[in-house]
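Reader: I have a two-chain model to go through. Can we start with the terms and then work over the contact and a few strands?

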Amino acid sequence: MVVSRNDIILKLQSDILRLQGFKQERGSSSLNSGLGSLVNAFPNSTFPTGCIHEFLSDSKESSAATTAFIGGLVNMLSGTSGVTVWISSGRKLFPPALANFGLHPERFIFIDLKKERDLLWAMDEALKCEALTTVIGEIDAVTFTESRRLQLAVEQSNVTGFLIRNTVRNKVATSACVSRWRITSLPGERLDDLPGIGFPKWQVELLRIRNGKPGTWEVSWRQGGFDTHRLQETPHDIREHRMLG
Amino acid sequence: MEKRFVSIWLPYLKTDLFTVRQPHLKDVPFVLRSPSRGRMLITACNVCAERSGIRTGMALADARALLPELQPLDDKPELVDKLLTRMAEWCIRFTPVVAIDPPDGLLLDASGCAHLWGGDEKYLADIVGKINSKGYQVRAAMADTVGVAWGMARFGLRQTHNNKIIVEPGRHIEALMSLPPEALRIEPEISSKLHKLGLKQVKQFIRMPRASLRKRFGIHFLMRLDMALGQEFESIEPVVPVERYQERLPCLEPITTAAGIEIALQQLLETLCLRLHNDQLGIRTAVLKCFRVDGKVEQVTIGTHRPSHYVKHLFKLFGIKLSSIEPALGIELFILEAPVVEEHLAQQEVMWEDSQGIEDPRISELIDRITGKAGNDTVHRYLPDEHYWPERSFKLAGGLTEQPSTQWLTHKIRPLQILQPPERIEVTAPIPDYPPMLFIYKNKIHNIVRADGPERIEQEWWLQQGQHRDYYRVEDETGNRYWLFRLGHYHDKTYQWFIHGFFP
């Protein structure tokens, strides 16, 4: 009985999602398998594409980790010929390093602008361009209305947008993005106690996800793919359990 | 139909060009000079100088001895070529087939043109008069063959002061008879040989057996003779004026509204793009000029990354800038010009919808919009370069289509975020060539827990002098990873430590 009840709930959930406009995307199956246990956090167990994900970072170190995590996602999203546009002011990215994450740096187009207004305009224009796979924007100040605009642009073209916001912790305005992440570095994952740094490892905090379950994971990058491991239940989850209990 | 040719000779072309530009030189003896084998040679002299006995080809020093007040000017041979081509294009008013005849002449195929001017006499007078009025001395001859017209213009007018001569149809062989051999356009060696033999006029050798003429003077000589006689066809290579991609739209009423300007632009773009489409060309740069009622000209310029004749895209590019046009009292004339066009083949059009990746035209349209608004230096794309030195390991790509000529290096791990330039840090290192124990960056102490390295990267001495770098990848106690390097040898005492990047 219990099993069948769970099945009914799952079915109803997926029906609701379908009614809310969440579609199963074709191209993202490799991404879903690559994300490991992280994929359970998303609605329909599918990484949402054609929307904007927001990443918070408060230091150069966490900015590097964020870039790497996004790089891994872009790698799985873009397939053989996807093109990524990178919009920023004061870019610190080292293009050859993208190759370490299985990406092709020549398929990145970097747009370096100075004014904040131009950044938002360029992001909006790029998100409307259907020929792109992903658009990454390093924009610090985005108001709720502006994030709504970006979200509307992306819904037409089905491009996946990543917004990196270098801001101080706890000083972030609400936004219309589908998720909010924070990535920080963890000590590298060593192989059999060998000396050296080992594989890069991060703490991936999914702070907010529309219609999904936030959580925290330990993710390391090894052999060209993610290795995810769930760390803890978030307060949101605990609350849900309490309600059930 | 009888063929008629006009040969125009501009004997003082080079000096006349300078006189036209600087009228005060008109009555001054001056020469043009250019260096040759360590001395200055005269390449052209004007009438005044020639009267004093100065000739082309003299050394400038000799000429100065003859005429101390002689003014030497630097020769500009490239100007003359341009001028000749411009003159040839201008001469298209007389006949559709005009060729330049270097170094100082023009050839006109006047077959069936002269009657429009009321006969050969008036036709030639008009040509000579018009060129003369522009300040160039000219001699022109008209004949049935190119060879005779050429020869008559240069050698038939020697004695007379007349500057034009007409050889009646069918009488060109007669005219040729009294010309010197060099009038046949033959090599100077052969004409001097003929002079040595006492053959100073064409009539003296024209009846000689062809076989012996060929044996002594070569096949080329006979060919020139046949051309002059009209027995061999001679083709001339006409100048084709460059067709400008320009569209005009005059307005009945002055236009003052943005909507009006947009309609005008749309119309102009449609006609221009249709023309470009038929010629398989695409716009790289386009200018919209708006001529206002008060005499001012407003203009906006756009550029594209790859040639395009796609109206919608070009309109969007202009759309970003249209707001900068001030119509004031109204615009009465729009001119759309495409100064830079490039080949744009139809097969690219087919790929419009299904091409993928970086080749997709929609991406270049996006880039055009962004550079159109924010400037050209905003969009970058990088390709691998074969250098280990981090700053040189990548290079700026020339455009969206340039493909990498080499692989990206993946066997060395590089930081994702880089500091440009590297920043100095304080370091405590235990023993030579060991990774440091701690470093201080921005007043914060980072205790190093684990490290990889060193990876030595040498300077490429053929590009830049300096010391090598020993790179370490280090991780501090919080799990953040950094790229540090020591510049120079540990033992040299002059080494410095830097932080260069952040690993994920």
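Author: First a term: two strands pair if DSSP finds at least two bridges between them. Helices (H or I, at least four residues) and strands (E, at least two) are DSSP runs, numbered from the N terminus. This is a predicted model, where local features need pLDDT of at least 70, side-chain atom pairs count only at pLDDT 80 or more, and totals for chains, interfaces and linings use all residues. Residues are numbered from 1 along each chain as its sequence is written, chains are lettered from A and ligands numbered from 1 in the order in which they are written, and side-chain values use heavy atoms, with hydrogens and water left out.

Reader: Fine. Which strand of chain B is joined to β3(A)?

Author: Strand β13 of chain B, residues 379–380, is joined to β3(A) by two bridges, and the two run antiparallel. A:Ile111 has B:Val379 as its bridge partner there.

Reader: How many residues does each chain put into the contact?

Author: Chain A gives 51 residues and chain B gives 52, where contact means heavy atoms within 4.5 Å.

Reader: And what area do chain A and chain B bury between them?

Author: About 4400 Å², with 63% of it on carbon and sulfur atoms. Buried area here is the accessible area (1.4 Å probe) that two parts lose on being put together, summed over both. A:Phe94, A:Glu106 and A:Ile197 supply 17% of what chain A buries against chain B, more than any other three residues.

Reader: How many salt bridges cross the interface of chain A and chain B?

Author: Two by the rule, which asks for a side-chain nitrogen of Lys or Arg within 4 Å of a carboxyl oxygen of Asp or Glu. A:Glu125 and B:Arg369 meet in a salt bridge at 2.5 Å, N to O.

Reader: Which element of chain A gives the most to the side that touches chain B?

Author: α3(A), with seven residues. By class, that side of chain A has 31 nonpolar, eight polar and twelve charged residues. Ala, Val, Leu, Ile, Met, Phe, Trp, Tyr, Cys and Pro count as nonpolar, Asp, Glu, Lys and Arg as charged, and the others, Gly among them, as polar.

Reader: Over to chain B. Why is β21(B) described as largely enclosed?

Author: Seven of the seven residues of β21(B), 481–487, are buried, so the rest of the structure largely encloses this strand. Buried means under 20% relative accessible area, exposed over 50%, and partly exposed in between (1.4 Å probe, protein chains only).

Reader: Which residues point which way from β21(B)?

Author: B:Arg481, B:Trp483, B:Phe485 and B:Leu487 point one way, and B:Tyr482, B:Leu484 and B:Arg486 the other. In a regular strand the side chains alternate between the two faces of the sheet.

Reader: What strands are joined to β21(B)?

Author: Strand β20(B), residues 469–476, is joined to β21(B) by seven bridges and runs antiparallel to it. Seven bridges also join β21(B) to β22(B), residues 496–503, again antiparallel. B:Arg469 has B:Leu487 as its bridge partner, and B:Trp483 stands opposite B:Gly501. The hairpin of β20(B) and β21(B) has four residues between the strands, and B:Gly479 takes a positive phi near 95°.

Reader: How many residues lie between β2(B) and β3(B)?

Author: Two, in a hairpin where B:Arg37 in the turn has a positive phi of about 50°.
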